[in-house]
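Visitor: I have the sequence and the model open side by side. Could you walk me through some of what can be read from them?

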Amino acid sequence: MSEKGFARVRKVGLSLPGVTEQIQWVDHLLLKVGGKMFVVLSTTDASMPGSHVMSIKCSDDDFDRLTALPGMVPAPYLARAKWVAFESFDAIPFGELDGLVSRAYELVAAKLPAKVRQALGVAKASAPSAIEQSEDEVPSMMDLMREEGLAAKRASTADKAAQKKRPVAKKAAPKKAAPKKAAPKKAAPKKAAPKKAAPKKAAPKKAAPKKAAPKRAAPKKAAPKKR
């Protein structure tokens, strides 16, 4: 962390009317006006790749211009509200950095209710243009904490989805032999049951005509011989 850059941004921010500071998320110092943050400073070493020394609210024009420069990127979770994250305080000259802090303050203060501005001694600012983010679109601290949890969950889900998409050589499933259809059994021809011969009725026997017994000739008596 550049102590010089950190101290300069903090000094410029606290010099503005109604600004307070608060440690949030363990290692971040927030500069706020009316309870709304406009600068987030990292209190730890931001030399690691992907880390940021500061995030700041910007106008639409400044957001497009700054994110096109090296060392500045759309702030994680806050890009939709036009916040820019600095990888180093050396990304732009300190003079320009002072102006960005003042404009960030004005953008947030302009959206505060009139009574709040008056109580804080904040000068009446010009109304935000139609293309500016509405107050409801500026995330609160609780929103940011929820966003961090959701982002971690989305990253985990994306990793799992990527693993699932990796082509896995599928083993060809052994082809199951199609079950053979049993050939329809031919009905065995029915054997005609042998017809039982109807018992023949015996024809009534005709009584054979009785033959007349031959009459025996009566023995002829021998005629007495004449003497």
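Visitor: How many bridges join strand β2 to strand β3?
Guide: Six bridges join β2 (residues 28-33) to β3 (residues 36-42), and the two strands run antiparallel. Strands here are DSSP runs of E with at least two residues, helices are runs of H or I with at least four residues, and both are numbered from the N terminus. Two strands count as paired if DSSP finds at least two bridges between them.

Visitor: Before going on, what should I know about the model itself?
Guide: This is a predicted model, in which local features need pLDDT of at least 70 and side-chain atom pairs count only at pLDDT 80 or more, while totals for chains, interfaces and linings use all residues. Residues are numbered from 1 along each chain as its sequence is written, and side-chain values use heavy atoms, with hydrogens and water left out.

Visitor: Back to the strands, then: which residue of β3 is the bridge partner of Leu29?
Guide: The partner of Leu29 is Leu41.

Visitor: And what is the strand order in the open sheet?
Guide: The open sheet has six strands in the order β1-β2-β3-β4-β6-β5, with antiparallel pairing. Because β1 (19-24) and β5 (72-74) stand at the edges with a single partner strand each, one side of each is left without a neighbour in the sheet. Neighbouring strands are turned by 25° against each other on average, direction ignored, where axes are lines fitted to C-alpha atoms, for helices over the stretch in contact, and angles run from 0 to 180 degrees between N-to-C directions.

Visitor: Which strands does α2 touch?
Guide: Helix α2 packs on the sheet, touching β5 and β6 (83-86), and its direction makes about 125° with that of β5. Contact means heavy atoms within 4.5 Å.

Visitor: Is Leu66, in that helix, buried or exposed?
Guide: Leu66, found in α2 (residues 60-67), counts as buried because its relative accessibility is 0%; buried means under 20% relative accessible area, exposed over 50%, and partly exposed in between, with a 1.4 Å probe and protein chains only. Not counting residues up to four places away in sequence, Leu66 touches Cys58, Met72, Val84, Glu96 and Leu100.
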